[in-house]
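Me: I am new to this structure and would like to go through it step by step. Could you help me read it?

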Amino acid sequence: LLNVKINSLFSPTGNMEIYNLQGQLIINQKITGTTQENINTSPLHNGIYFLKIQDEEHTSITKFVVEK
């Protein structure tokens with residue numbers, strides 16, 4: 001489980017997306033409007049991924065590692 005703290009700059013209509021190193025979209029999840037979001041990472045294999053949070057005006061990209 002990936003716990004994500006959402007900055008108040010992002011609108012509740014935004015999306016969270018997880019990409020692998022090849023740029024393939026693995027998970028796409030809508031922001032629910034809270035400041036704390038959870039993403040189920042159990043389908044992800046060990047490796048490096050990028051979390052992209054985006055709404056109409058803002059974009060944030062963060063790298064994270066999955067190790068099981």
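Reply: The turns below take up a charged residue, the strands around it, an aromatic pair and a loop. Please keep in mind that this is a predicted model.

Me: Let us start with Glu 17. Where does it sit?

Reply: Glu 17 belongs to strand β2, which covers residues 15-20.

Me: Is Glu 17 buried or exposed, and what is the nearest side chain of opposite charge?

Reply: Glu 17 is buried. The nearest side chain of opposite charge is that of Lys 52, at 4.4 Å. Glu 17 has no salt bridge, because a salt bridge requires the charged atoms to lie within 4 Å.

Me: Which side chain does Glu 17 have a polar contact with, then?

Reply: The side chain of Tyr 19 makes a polar contact of 2.7 Å with that of Glu 17.

Me: Moving on to the strands: how do β2 and β5 pair?

Reply: They pair in the antiparallel sense, with six bridges, and β5 spans residues 47-54.

Me: What about β5 and β6?

Reply: Strand β6 covers residues 59-66 and pairs with β5 in the antiparallel sense over eight bridges. The two strands form a hairpin, with four residues between them. As one example of a bridge, Leu 51 is partnered by Thr 62 in β6.

Me: New topic. How many aromatic pairs are found in the whole structure?

Reply: The search finds one aromatic pair. Tyr 49 and Phe 64 form this pair, and it is stacked, at 5.9 Å centre to centre with 25 degrees between the planes.

Me: Why does this pair tie together parts that are apart in sequence?

Reply: Tyr 49 lies in β5 and Phe 64 in β6, so the pair links parts that are 15 residues apart in sequence. Both Tyr 49 and Phe 64 are buried.

Me: Last one: where is Leu 9, and is it buried or exposed?

Reply: Leu 9 is in the loop between β1 (2-5) and β2. Leu 9 counts as exposed because its relative accessibility is 54%, and the cut-off for exposed is over 50%.

Me: What is Leu 9 in contact with?

Reply: Apart from neighbours within four places in sequence, Leu 9 is in contact with Asp 55 and His 58. Leu 9 and Glu 57 are 48 residues apart in sequence, and their C-alpha atoms are 8.9 Å apart in space.

Methods
Residues are numbered from 1 along each chain as its sequence is written. This is a predicted model: local features need pLDDT of at least 70, side-chain atom pairs count only at pLDDT 80 or more; totals for chains, interfaces and linings use all residues. Side-chain values use heavy atoms; hydrogens and water are left out. Buried means under 20% relative accessible area, exposed over 50%, partly exposed in between (1.4 Å probe, protein chains only). Lys and Arg count as positive and Asp and Glu as negative; His and the chain ends are not counted. A polar contact is a pair of N or O atoms within 3.5 Å; within protein, one must be able to donate a hydrogen and the other to accept it, and residues adjacent in sequence count only if both atoms are side-chain atoms. Two strands pair if DSSP finds at least two bridges between them. Rings of Phe, Tyr and Trp (its six-membered ring) pair if their centres lie within 6.5 Å; planes under 30 degrees apart count as stacked, over 60 as edge-to-face and the rest as tilted. Contact means heavy atoms within 4.5 Å.
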